[in-house]
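User: Hi! I've got this structure open and would like to talk it through with you. Could you help me find my way around?

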Number of protein chains: 2
Amino acid sequence: MDTDPKVFVISGPSGAGKGTLTEILLKRVPSLARSVSATTRKPRPGEVDGVDYYFLTKEEFKKHIEDNDFLEWAVVHDNYYGTLRSMVDKELAVGRDVVMVIDVQGAANVKNKMPDAVTIFVEPPSMEELVKRLKLRNTESEAELARRLKNAEAEMMLAKNYDYVVINDDVDRAAGELVSIVEAEKIKN
Amino acid sequence: MDTDPKVFVISGPSGAGKGTLTEILLKRVPSLARSVSATTRKPRPGEVDGVDYYFLTKEEFKKHIEDNDFLEWAVVHDNYYGTLRSMVDKELAVGRDVVMVIDVQGAANVKNKMPDAVTIFVEPPSMEELVKRLKLRNTESEAELARRLKNAEAEMMLAKNYDYVVINDDVDRAAGELVSIVEAEKIKN
């Protein structure tokens, strides 16, 4: 039986609900470690280094890029964000499974560098529902909303590249499916 | 997403508890169809054709063997037992997932003929526990018990050939793992 710790990559379009589902998954399977991202943006009040993010200077971040220490990274609004392979390896080394929530581009990069990672695509029940959810966030301008929807449409076509697809039409059921995936993968040969 | 119905083969040594676990699985996932075996033995009082077994004559059984209509079959105490592919296909055709409980030789034959079948090995927690369980059955002679234990030891080494391994040290947990496997496989790409 394969008892090696595993990496679970939870991805999907913005607004699909991957963050909420992962919070529930982490509560229901407390043995899972959540991967902490690195960023060059300044900490907001209350944010703790190593808990919310690893806060790095641009120089430090670029050094990690050069050292090929990122499983994935991207620039958003002039700030760098990424997942440090060394931090993931540290959890795996002590036998903990790692969960990361990540956009579809990042997920593809992680799968490339870690082919054994289990990838899960979270799909909104419909584009109509996705619009509703993104509008509810209230943080999006009309232009930003339109951009996210266009992205989501393209991203939905990537679901077939993932190991599993969870349709988030019912949060409880969808979170239960995440738990089942983790549980089944742990006893997979 | 792969929404095709699937075949789940639950196997393992005699006494591992595969029958009990499958009963619980079927109660918790009522959409599953349990595969009904064919046999040439006479029906016992109360047994219903098509529910407990498909009761066939030896001639009918042999005809199905010739027609290559068995996913697996074996002779036990002069009676034939087997799983009819046509009956499994009938359930799959109406969209139902099929579960079969089967010995390790039969399981290997099914996987051979249906490579997409999901195979699950149920392992007793220890050989000591297996002895205890087989003795509790009270139906075994000493010689039969010794034979089953020797078989079990050999069969345990086959676990690595299965898609999943469930260790039956706690019936509730083990049954929960079966449910998780079925649920995860249903949303697998």
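User: Let's start with the helices. What is the handedness of the crossing where H1(A) passes H7(A)?

Analyst: H1(A) passes H7(A) in a right-handed crossing. Keep in mind that this is a predicted model.

User: Okay, and which residues make that contact between H1(A) and H7(A)?

Analyst: On the H1(A) side you'll find A:Thr20, A:Leu21, A:Ile24, A:Leu25 and A:Arg28. H7(A) brings A:Val171, A:Ala174, A:Ala175, A:Leu178 and A:Val179. Sorted by class, the contact of H1(A) with H7(A) has eight nonpolar residues, one polar and one charged.

User: At what angle do the axes of H1 and H7 cross in chain A?

Analyst: Roughly 55 degrees, for helix H1 (residues 18-28) and helix H7 (residues 171-186) of chain A, and their axes come within 9 Å.

User: Switching to the two chains together: how many residues of chain B are in contact with chain A?

Analyst: 15 residues of chain B are in contact with 15 residues of chain A. On the side of chain B that touches chain A, strand S9 (164-167) and H7 of chain B each supply at least two residues. H7(B) gives the largest share of that side, five residues.

User: And how does that side of chain B divide into nonpolar, polar and charged residues?

Analyst: The side of chain B that touches chain A has eight nonpolar residues, two polar and five charged.

User: New topic, sheets. What is the strand order in the open sheet of five strands in chain A?

Analyst: The order is S2-S7-S1-S8-S9 in chain A, with parallel pairing. Strand S2 (33-34) and strand S9 (164-167) of chain A are the edge strands, each pairing on one side only.

User: How many bridges join S1 and S7 of chain A?

Analyst: Four bridges, between strand S1 (residues 7-11) and strand S7 (residues 98-101) of chain A, and these strands run parallel.

User: Which strands does helix H4 of chain A lie across?

Analyst: Helix H4 (residues 104-113) of chain A lies across S1 and strand S8 (118-123) of chain A, and runs at about 155 degrees to S1(A).

User: Last stop, strand S6 of chain A. How many of its residues are buried?

Analyst: Five of the six residues in strand S6 (residues 79-84) of chain A are buried, leaving S6(A) mostly covered.

User: And how does S6(A) run relative to S5 of chain A, parallel or antiparallel?

Analyst: Antiparallel, with six bridges joining strand S5 (residues 70-76) of chain A to S6(A). One landmark here is A:Trp73, opposite A:Gly82 in S6(A). S5(A) and S6(A) form a hairpin with two residues between them, and A:His77 in the turn has a positive phi of about 50 degrees.

User: What about S3 of chain A, how many bridges join it to S6(A)?

Analyst: Two bridges join strand S3 (residues 38-39) of chain A to S6(A), and those strands run antiparallel. There, A:Thr39 has A:Tyr81 in S6(A) as its bridge partner.

Conventions:
Residues are numbered from 1 along each chain as its sequence is written. Chains are lettered from A and ligands numbered from 1 in the order in which they are written. This is a predicted model: local features need pLDDT of at least 70, side-chain atom pairs count only at pLDDT 80 or more; totals for chains, interfaces and linings use all residues. Axes are lines fitted to C-alpha atoms, for helices over the stretch in contact, and angles run from 0 to 180 degrees between N-to-C directions. A crossing is left-handed if the near helix is turned anticlockwise from the far one by less than a right angle, and right-handed if clockwise. Two residues are in contact if their C-beta atoms, placed from the backbone, lie within 7 Å. Ala, Val, Leu, Ile, Met, Phe, Trp, Tyr, Cys and Pro count as nonpolar, Asp, Glu, Lys and Arg as charged, and the others, Gly among them, as polar. Two strands pair if DSSP finds at least two bridges between them. A residue is buried if 20 or more other C-beta atoms lie within 10 Å of its own, exposed if 12 or fewer, and partly exposed in between; C-beta atoms are placed from the backbone.
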